[in-house]
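This briefing covers salt bridges, sheets and a surface patch in one structure. Have the sequence and the 3D view open while reading.

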Amino acid sequence: MAGIVVLMGIYTMLALALNLRFGTAGLIDLGVVGFFAIGAYSYVILTAPAPGTADAYMFGFHLPMFIGFVGSGLISAFFAFLVGLPAIRLKGEYLAIATYAFAEVIQYLFTNEKWLTNGVKGFIGIEQPFRKFFVSANSYQYFYAFLIVLAVACFWYILSRLERSPFGRTLKAIRENEDAARAAGKDIERFKMWAFVIGAAIIGFAGSFYVWFTSLVVPSLFVSEVTWVAWIALTIGGTGNYKGMILGAAIIVGIQEATRFLQASAELATILAASRFIAMGLILVLIIRFKPKGILPERNTVN
Amino acid sequence: MVLEVKNVSKVFGGLRAVHEASFQVKENSITGLIGPNGAGKSTLFNCIAGYYPPSAGEIFFKQEKTSGFTADEIAKRGLARTFQTPQGFAQMTVMENLMVVPKGQVGEKPWQGLINGKKVKEQEEEIRKKAFKLLADFGLSEQKNDLIANLSAGEARIVEIARQLMLDPEVLLLDEPAAGINPALQNHLIQVLLKLRQQGLTLLIVDHNLGFISSLCDYIYVLHLGQIIAEGTPQEIFRNPRVVEVYLGGIA
């Protein structure tokens with residue numbers, strides 16, 4: 001149960017970041033998992049002990065957890081800035097293609113550059129925050145779920161404040177009409193870049209939280225499915241509505257875990273695993289058909 | 001001269017849309033730029049506003065060379081434009097549309113919204129007051145909470161002008177402001193524009209509608225096939241045989 005809360009929390013973080021990028025700023029970003037992977041690997045490389053003889057990686061800085069955590073957000077944000085330099089000017093689907101390609105490249109890089117990432121072996125046995133205060137793994141799970149809820153609340157607070165600030169208002173204006181925003185004297189590339197970078201920072205932090213949850217990092221965790229799931233959570237919950245994002249993440253994680261728990265025979269398990277995607281797809285289609293703005297749509301503010 | 005256009009040309013591929021056009025706009029004047037469809041008015045207009053870089057020539061705004069600047073830099077310097085079909089932030093309210101515009105909002109820096117809430121709030125209050133006053137001046141107070149997407153074409157046009165005035169511009173560029181709005185609202189618009197001039201604004205109006213423009217402008221330039229072919233007061237323009245020929249067709 002605690003695990004489900006954690007996963008929900010992590011997908012909510014991704015949906016929150018995506019909402020800033022897409023919901024507020026209108027950037028179609030299919031590179032979520034790329035920044036997620038950068039965040040996760042940044043944390044691990046910053047905090048990992050020096051490599052042992054069987055390890056292929058060269059850098060393990062063994063820094064305190066806190067620095068690793070801050071680093072995961074900052075490094076992810078920095079990479080977003082680098083990607084944004086050429087890509088942020090791209091319109092609509094072109095940005096989607098560029099960011100998707102970026103995420104794919106990141107996954108290949110992390111698989112193949114063994115000196116940095118230890119290849120497919122990855123990193124295992126990653127320490128968890130405040131673990132030493134808990135006797136059993138079970139009681140720690142509940143604490144960690146609580147920690148995740150706290151972090152989601154934090155991100156929620158920061159992002160909803162940003163969205164209601166003049167910064168958020170200008171982003172929305174750019175989303176609505178770029179030409180008019182330019183005529184209003186707005187440097188639209190700069191605003192988009194901010195949205196892109198802040199989103200990446202939050203996705204990077206989510207990477208750290210994910211690493212603590214799985215306690216291992218391998219490249220195969222960071223497939224494009226993560227991006228799609230974040231998008232589906234945002235879309236079915238309601239783009240622009242914070243409660244909707246949590247609801248969306250809950251539904252998606254609920255479907256994933258329900259099919260996992262139902263496993264009976266090996267044969268049935270395969271079918272159920274595949275049916276997960278069918279169920280998600282079906283829900284997405286139904287929502288788009290009957291509630292195109294999501295279960296809880298965005299509300300317009302009134303002055 | 002608050003705005004000077006010097007030998008500006010604009011070429012799209014093989015098409016010469018504007019060819020060595022030069023004209024000036026005097027402070028606090030209402031200057032017209034007219035010409036039949038396809039004369040290059042909108043292209044020239046977009047060059048001035050920074051939407052297209054001119055292929056050749058220079059544009060000066062307040063003695064500063066602005067050709068080559070981006071549209072937002074030009075807007076921030078006080079040269080505000082409107083669009084031929086009114087453009088707005090559709091899924092935002094009229095009030096929000098106006099409040100987006102002002103320059104130098106501290107809250108536009110993402111971290112300021114988080115750490116400097118008080119200052120941001122104060123500034124928001126000022127901006128809100130200013131927007132409210134503009135809407136009241138234009139008789140749009142009741143629509144302040146309407147979405148732009150739900151306004152009539154005429155209302156959208158006036159809101160667009162009000163929105164651009166939030167820039168505190170010195171020159172307002174209007175691209176066919178009378179297009180697509182009914183005669184009653186056109187009269188309202190003329191009153192609005194004359195009042196703006198009284199308040200010290202300079203207006204440059206692009207139109208192909210001679211009637212509308214001659215009732216407003218002090219001075220008119222006529223553009224034909226990308227070149228300025230005549231200039232003068234409205235009376236002089238009406239008597240100019242070249243203009244008559246261009247507009248009514250030559251004597252066969």
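This is a predicted model: local features need pLDDT of at least 70, side-chain atom pairs count only at pLDDT 80 or more; totals for chains, interfaces and linings use all residues.

**Salt bridge within chain A**

- Glu178(A) and Lys91(A) form a salt bridge in which the closest N and O atoms are 3.3 Å apart.
- Glu178(A) belongs to helix H8 (residues 178-183) of chain A, while Lys91(A) sits in the loop between H3 and helix H4 (92-112) of chain A, so the pair ties together parts that are 87 residues apart in sequence.
- Lys91(A) counts as exposed because its relative accessibility is 51%, and the cut-off for exposed is over 50%.
- Lys91(A) and Glu178(A) are also linked with Lys192(A) in a network of salt bridges.

**Salt bridge between the chains**

- Arg169(A) forms a salt bridge with Glu124(B), and the closest N and O atoms are 2.9 Å apart.
- The pair joins two chains, because Arg169(A) lies in helix H7 (residues 166-176) of chain A and Glu124(B) in helix H5 (residues 117-137) of chain B.
- Arg169(A) counts as buried at 10% relative accessibility.
- Glu124(B) is buried as well, with a relative accessible area of 11%; buried means under 20%.

**Salt bridge within chain B**

- The side chains of Arg197(B) and Asp218(B) meet in a salt bridge, with 3.0 Å from N to O.
- This pair links distant parts of the chain, 21 residues apart: Arg197(B) is in helix H7 (residues 183-198) of chain B, and Asp218(B) is in the loop between helix H8 (210-214) and S9 of chain B.
- Asp218(B) counts as partly exposed, at 31% relative accessibility.

**Six-stranded sheet of chain B**

- An open sheet is formed by 6 strands of chain B in the order S6-S7-S8-S3-S9-S10, with mixed pairing.
- At its edges are strand S6 (79-81) and strand S10 (227-232) of chain B, each of which pairs on one side only.
- On average, neighbouring strands of this sheet are turned by 20° against each other, direction ignored.
- Strand S7 (residues 171-175) and strand S8 (residues 202-207) of chain B pair in the parallel sense over 5 bridges, and Leu174(B) stands opposite Ile205(B) in S8(B).
- Helix H1 (residues 41-48) of chain B lies across strand S3 (30-34), S6, S7, S8 and strand S9 (219-224) of chain B, and runs at about 150° to S7(B).

**Four-stranded sheet of chain B**

- A further open sheet of chain B has 4 strands in the order S2-S1-S4-S5, with antiparallel pairing.
- Strand S2 (15-25) and strand S5 (64-65) of chain B each have a single partner strand, so one side of each is left without a neighbour in the sheet.
- Strand S1 (residues 3-12) and strand S4 (residues 56-61) of chain B pair in the antiparallel sense over 5 bridges; Phe61(B) in S4(B) is the bridge partner of Leu3(B).
- H1(B) packs on this sheet and touches S1, S2 and S4 of chain B, its direction making about 120° with that of S1(B).

**Nonpolar surface patch on chain A**

- Met58(A), Phe59(A), Phe61(A), Leu63(A), Phe66(A), Ile67(A) and Trp115(A) make a nonpolar surface patch of about 720 Å².
- Phe66(A), one of these residues, is found in helix H3 (residues 65-87) of chain A.
- Phe66(A) counts as exposed, at 62% relative accessibility.

Note on methods: Residues are numbered from 1 along each chain as its sequence is written. Chains are lettered from A and ligands numbered from 1 in the order in which they are written. Side-chain values use heavy atoms; hydrogens and water are left out. Two strands pair if DSSP finds at least two bridges between them. Axes are lines fitted to C-alpha atoms, for helices over the stretch in contact, and angles run from 0 to 180 degrees between N-to-C directions. Contact means heavy atoms within 4.5 Å. Patches are made of residues with over 30% relative accessible area and no salt bridge: like charges are joined within 9 Å, nonpolar side chains (Val, Leu, Ile, Met, Phe, Trp, Tyr) within 5 Å. Accessible areas come from the Shrake-Rupley method with a 1.4 Å probe; for residues, only the protein chains shown count as cover. A salt bridge is a side-chain nitrogen of Lys or Arg within 4 Å of a carboxyl oxygen of Asp or Glu. Buried means under 20% relative accessible area, exposed over 50%, partly exposed in between (1.4 Å probe, protein chains only).
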